[in-house]
Amino acid sequence: MAASAIVGRFAPSPTGPLHFGSLLAAVGSYCLARRAGGRWLLRIEDLDTPRVVPGAADGILFTLEALGFRWDGEIVWQSRRQEAYRAALAQLQDQRLLYDCACSRREILASAPHPGEEGPIYAGTCRQGLPAGRAARAVRVRVPERKIGFADGVFGWYEQDLAAEVGDFVLRRADGMFAYQLAVVVDDAASGVNQVVRGADLLASTPRQIFLLESLGLPVPAYLHLPLAVNADGGKVSKRCGAADQPLRGGGGEMIWLALRRLGQPIPAALRAAPPAELLAWGAASFAAGSIPPVMEIAVDSAEESR
């Protein structure tokens, strides 16, 4: 892959203010794309409208700009791309990969053969047709009985047996909304994204997305999953602790500096007080994926940094 062809992206969900865990993904994706001389795109993943917080998207955009981020092209809003998702669903339907499902969540929990990595594995109740007298609720995709794997830029080789570990998964929900797994692959392909840098909480979703990409005849990007920021008790850093827009009254640069350090980058302590744009420029020139640690323990609200 030519360095000039790299296209990365950052895709926050507007369910609250930008928090430190998301800032890590923004910094990592930005620096890796810019280091390769590539483009960095921004997508607002507002597909799950019940979870969208009014004003959160504007707040995220303001925070990113204040922290020195500059993206290429227009912002993509998932809520405005329903036709693209419908077209992808129709393509999969033409391949007879989809089927209607009448099962409720309670029924799925009761019939699941065993728990999966991200929830109960669907037992395939509706795979051969809807039970008599039942109406369709969701649309599922038939998964293959084979392992799908990829080489992750941080965690190395990762693979799943989709049938055994995930099961047939939903692409259109009972409320009519398109599932994240479908939307993300359609959007990445449409934007030409070929370098996906994101949090490790999405590592287990990647084989499903590769399966969908292959089924739709779309190119598979390179993946690099960043370790999650966790507190001393092992809990994931969330929007409730350490929103990344809190230090903006002081210029905001310290959060960029902390993110680079936590991502294993040897940015000098002397740059801690530098403006955000200068810190991102350092990252764009010096960021090394090989230095990213597989585990990251962090106290976001602490100003202590001894190294």
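# Exercises on a predicted fold

Helices H1 and H8 pack with their axes 9 Å apart and at an angle of about 75°. The model is predicted: local features need pLDDT of at least 70 and side-chain atom pairs count only at pLDDT 80 or more, while totals for chains, interfaces and linings use all residues. Residues are numbered from 1 along each chain as its sequence is written, and side-chain values use heavy atoms, leaving out hydrogens and water.

## Exercise 1: two helix pairs

Task: How are H1 and H8 oriented to each other, parallel or perpendicular?

Solution. 
- Start with the terms. Helices (H or I, at least four residues) and strands (E, at least two) are DSSP runs, numbered from the N terminus. Axes are lines fitted to C-alpha atoms, for helices over the stretch in contact, and angles run from 0 to 180 degrees between N-to-C directions.
- Next, classify the angle. Under 35 degrees counts as roughly parallel, over 145 as roughly antiparallel, 65 to 115 as roughly perpendicular, and the rest as oblique.
- H1 and H8 are therefore roughly perpendicular to each other.
- Now look at the contact (heavy atoms within 4.5 Å). H1 brings Phe-20, Leu-23, Leu-24, Val-27 and Cys-31, and H8 brings Met-255, Ile-256, Leu-258, Ala-259, Leu-260 and Arg-262.
- Finally, sort these residues. Ala, Val, Leu, Ile, Met, Phe, Trp, Tyr, Cys and Pro count as nonpolar, Asp, Glu, Lys and Arg as charged, and the others, Gly among them, as polar. The contact of H1 with H8 has ten nonpolar residues, no polar and one charged.

Task: Which residues of H3 and H7 meet?

Solution. 
- Helix H3 (residues 82–94) and helix H7 (residues 206–216) have axes that come within 10 Å and cross at roughly 75°. That makes H3 roughly perpendicular to H7.
- On the H3 side you find Ala-88, Gln-91 and Leu-92, which meet Leu-212, Ser-215 and Leu-216 in H7. These residues divide into four nonpolar, two polar and no charged.

## Exercise 2: the nonpolar cores

Solution. 
- A nonpolar core is a set of buried Ala, Val, Leu, Ile, Met, Phe, Trp, Tyr and Cys residues joined through side-chain atoms within 4.5 Å. Buried means under 20% relative accessible area, exposed over 50%, and partly exposed in between (1.4 Å probe, protein chains only).
- The largest core has 42 residues, and Phe-10, Leu-23, Val-27, Leu-64, Phe-69, Ile-256 and Leu-260 have the most contacts inside it.
- Among the elements giving two or more residues are H1 (20–35), H8 (253–262) and H9 (276–286). H1 supplies the largest share, ten residues.
- Another core, of 35 residues, lies apart from it and includes Leu-47, Leu-212, Leu-213 and Tyr-223.

## Exercise 3: an open sheet and its helices

Task: In what order do the three strands of the open sheet stand?

Solution. 
- Two strands pair if DSSP finds at least two bridges between them. Here the order is S1-S2-S3, with parallel pairing.
- The edge strands, S1 (7–10) and S3 (76–77), each pair on one side only.
- S1 and S2 (residues 39–44) are joined by four bridges, and Gly-8 stands opposite Trp-40 in S2.
- Two helices lie across S1, S2 and S3: H2 (residues 56–66) runs at about 155° to S2, and H6 (residues 180–191) runs at about 145° to S2.
- Zoom in on H6, which holds Asp-187. At 1% relative accessibility, Asp-187 counts as buried. Not counting residues up to four places away in sequence, Asp-187 touches Arg-43, Gln-78, Arg-81 and Tyr-85.

## Exercise 4: strand faces

Solution. 
- S8 runs antiparallel to S9 (residues 156–161), with six bridges; three residues separate the two strands in a hairpin.
- Compare S7 (residues 138–141), where both faces are covered: Ala-138 and Arg-140 on one side, and Val-139 and Val-141 on the other, are all buried.
- Val-139 is the bridge partner of Asp-100 and also stands opposite Arg-172 in S10.
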